[in-house]
Amino acid sequence: MSTITTITTALLLTTLASPLSLAKANKLNFHKSQQNSEHKITGKLLYLNDRNGDVDLLIHDDKRFSYYPRIAKDGLTKKAQLIETPDNAQFYNQAKLANKKNEVIVYLTGDAVMSYNIEDKTLSKLLDVDTLYKYQSIFEMNFGEFVQDFNEDGLSDFITYSLDTTHLYLQKPDGSFTHQSLAISPRIEKSGSGISFKPQDFYHADFTHDDKKDIAFQVDDQLLVFAQSEDKSFNNKIMTVSLNAHLENKNSAIKKQQGEKSADVNLETIEDINGDGLVDIVTKESVREGMMSRTNVLMVRYGFIDNGVMSYKKEADGQATFDGQGMIKFKDVDGDGLKDYYTLSVEMGIGTMMSAMSGAIDMDLRFYKLGQNGKYVKKPSYENEVEVSIGSSSDGEALTEVSDFNGDGINDLILKTDDEEFTIYSGAKGKRLFAKRGADYEIALPKSVRTEVKDFNNDGKADILFLYGKHYDEDEEKEVGENKLTLWLSAS
C-alpha cells in the first residue's frame with residue numbers, strides 16, 4: 001500500500017437479511033481516559049515493561065520522547081515527561097539489562113551503544129561497538145533493529161554491522177558483553193548517486209530443530225544460518241539452506257526471453273505457518289498484467305529437517321493467488337493453530353485512478369483460512385470493501401486490525417466505519433471467521449488520528465489507544481485538529 005497514506009473504512013454489507021444477520025451484537029465496555037499534549041505525538045511508539053501487567057508509553061518526535069508511565073493502571077498523566085535524545089544517536093530501541101528491574105532506552109551511535117535509565121535519568125555508555133555508520137554523516141535518528149535476545153536468556157543482546165563483518169554482542173548475567181564476529185557483510189546497492197551499504201535481513205528462529213533459536217541471514221535465494229550452541233553462543237560455521245524460491249537481490253542480472261513476463265519475487269515471511277514447530281517460508285511472485293494490473297501468487301514451502309538442518313522443496317507445497325497491490329498479513333485468526341492470511345489491496349486501473357481524483361478509492365479486505373491439509377482456501381473466508389481516503393492532507397492510519405477484544409481466545413475484527421464510528425465484529429470458529437453483525441462504537445476519527453490496538457494491561461483483552469495530531473486542511477488553508485491521546489481499556 002505504498003501509495004496510500006490514509007485509510008478510512010466504509011463497510012458495505014452484502015449479506016441477505018435474516019434473523020441471524022439482524023441479531024444485535026453484544027457491546028463491550030471500555031474505561032476511557034483522554035489527555036491533551038503540548039507536543040507532537042505522531043512518531044514511533046515504544047512500550048516499556050509491558051510484561052509486568054502495565055506499560056510505560058514513549059512517543060518519539062523532534063529529537064525527544066514524550067513519556068507516559070504506567071498508562072494501564074494510573075491512566076494517562078496530564079503532562080508528559082520529556083526525554084531529550086543524544087545529538088550523536090543514530091538509532092534507538094529498548095532493552096532489558098542485567099540487574100535492572102525495568103527496561104531502558106538504548107541508543108546506537110557510530111561507535112557505541114548508550115543506555116538511558118528513566119528512573120534516575122542517567123545516560124551511560126554500555127559498550128563500544130563497530131558499525132558502518134561511523135563512516136556516514138549525521139542523519140536523523142530513527143528506530144533501529146539492533147536489539148534482540150538472541151540466546152533467549154531474558155537479557156537483550158545487540159547486533160551491528162561493519163563494512164565486511166556482522167558483530168554480535170551477547171549480554172552476560174553480570175551485565176558484561178561477549179563479542180562474536182560473523183562472516184556476513186552488508187548488501188551493496190547501486191543507485192544514481194553511487195552505492196550504499198545496507199545490513200542483510202536476519203531472522204531469529206530454530207533452524208536446526210533443537211529447541212534453540214538460531215540466527216539466519218537471507219542472501220539471495222539462501223539462508224546463511226549460525227546455529228546456537230549449548231553455551232548460548234553461536235557457531236561461527238555457516239550452514240547454508242537453499243530456499244528454492246528464485247529470490248535475487250536488486251542488483252542481480254535476470255535473463256528473460258523476449259516477450260516473457262518476468263515475475264518479481266519477494267520473501268513475505270519466515271515463520272511456522274502450519275503449527276508443526278518447523279520454520280516455513282512464504283514468497284510472493286508478482287507479475288505485471290498490462291500497464292497497472294498485477295497478479296500475485298503466494299508460494300508456501302513447509303520446512304522439513306534433512307541431515308539436522310531445515311530444508312525446503314523446489315516445488316511449492318501450496319499456493320494462493322490474489323490481484324492488485326497492497327498489504328498482506330499472516331495471523332492465526334480463529335485460534336486453530338494455523339496461520340491464515342488477509343490482504344487489503346486494490347486493482348490499479350483507469351477506474352481506480354478516476355476515483356482517486358475524487359479523494360477516495362475502494363480497497364478489498366479479504367481473509368483466507370489455512371486448512372488442515374496445509375492448503376489455503378481459494379475463496380475468501382471473509383471479505384469486505386473498504387473506502388480509502390487519499391490526499392496530501394491525509395496523514396492518519398487505518399483502523400483495520402485483528403485482535404481478541406472479548407477474551408474468548410478468538411480474534412475479532414475492528415474496522416473504522418465512518419468519521420464518527422468504528423465497529424467490532426466478534427470472531428467465530430468454523431467456516432465463517434467473523435459475525436455478520438458487529439457492535440458500533442462512537443468516537444471522532446478524523447484524518448489526523450492513528451490507532452494502536454494492544455493488550456496494555458495483560459488481561460487477555462485488547463485495548464485501543466487513539467493518537468490525534470494536527471493536519472493541514474486544504475479547504476480552510478490552515479492546520480486543524482489538536483494533539484491528544486485517548487485510551488480505551490477493556491472493562492468487559
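Start by selecting Leu 163. This residue sits in the loop between β12 (157-161) and β13 (166-171). Strands here are DSSP runs of E with at least two residues, helices are runs of H or I with at least four, and both are numbered from the N terminus.

Two notes before going on. The model is predicted: local features need pLDDT of at least 70, side-chain atom pairs count only at pLDDT 80 or more, and totals for chains, interfaces and linings use all residues. Residues are numbered from 1 along each chain as its sequence is written, and side-chain values use heavy atoms, with hydrogens and water left out.

**The surface patch**

Stay on Leu 163. Its relative accessibility is 39%, so it counts as partly exposed. The classes are buried (under 20% relative accessible area), exposed (over 50%) and partly exposed in between, with a 1.4 Å probe and protein chains only.

With Leu 163 they form a nonpolar patch on the surface, and together they have about 500 Å² of accessible area. Patch members have over 30% relative accessible area and no salt bridge; nonpolar side chains (Val, Leu, Ile, Met, Phe, Trp, Tyr) are joined within 5 Å, like charges within 9 Å. Areas come from the Shrake-Rupley method with a 1.4 Å probe, and for residues only the protein chains shown count as cover.

**The whole chain**

Zoom out and colour by secondary structure. Of its 492 residues, 49% are buried. The chain exposes about 24500 Å², and carbon and sulfur atoms supply 47% of that.

**A four-stranded sheet**

Select β31 to β34. This is an open sheet of four strands in the order β31-β32-β33-β34, paired antiparallel. Its edge strands are β31 (400-403) and β34 (439-442), each pairing on one side only. From one strand to the next, the twist averages 25°. Axes are lines fitted to C-alpha atoms, for helices over the stretch in contact; angles run from 0 to 180 degrees between N-to-C directions.

Go in on β31 and β32 (residues 412-418). The two run antiparallel and are joined by four bridges; two strands pair if DSSP finds at least two bridges between them. Pick Val 402 and look across: Leu 413 in β32 stands opposite.

**Charged pairs**

How many salt bridges does a search of the whole structure find? The count is 19. Each is a side-chain nitrogen of Lys or Arg within 4 Å of a carboxyl oxygen of Asp or Glu.

Select Glu 84 and Arg 64. Their closest N and O atoms are 3.3 Å apart. Glu 84 is in strand β5 (residues 81-84) and Arg 64 in strand β4 (residues 64-68), so the bridge ties together parts 20 residues apart in sequence.

Next, Glu 268 and Lys 284. Their side chains meet in a salt bridge at 3.9 Å, N to O. Glu 268 belongs to strand β21 (residues 264-271) and Lys 284 to strand β22 (residues 280-289), so this pair ties together parts 16 residues apart in sequence. Lys 284 is buried, at 15% relative accessible area, while Glu 268 is partly exposed at 27%.

Finish with Lys 339 and Glu 271, a salt bridge of 2.5 Å, N to O. The pair links distant parts of the chain, 68 residues apart: Lys 339 is in the loop between β27 (325-331) and β28 (340-346), Glu 271 in strand β21.
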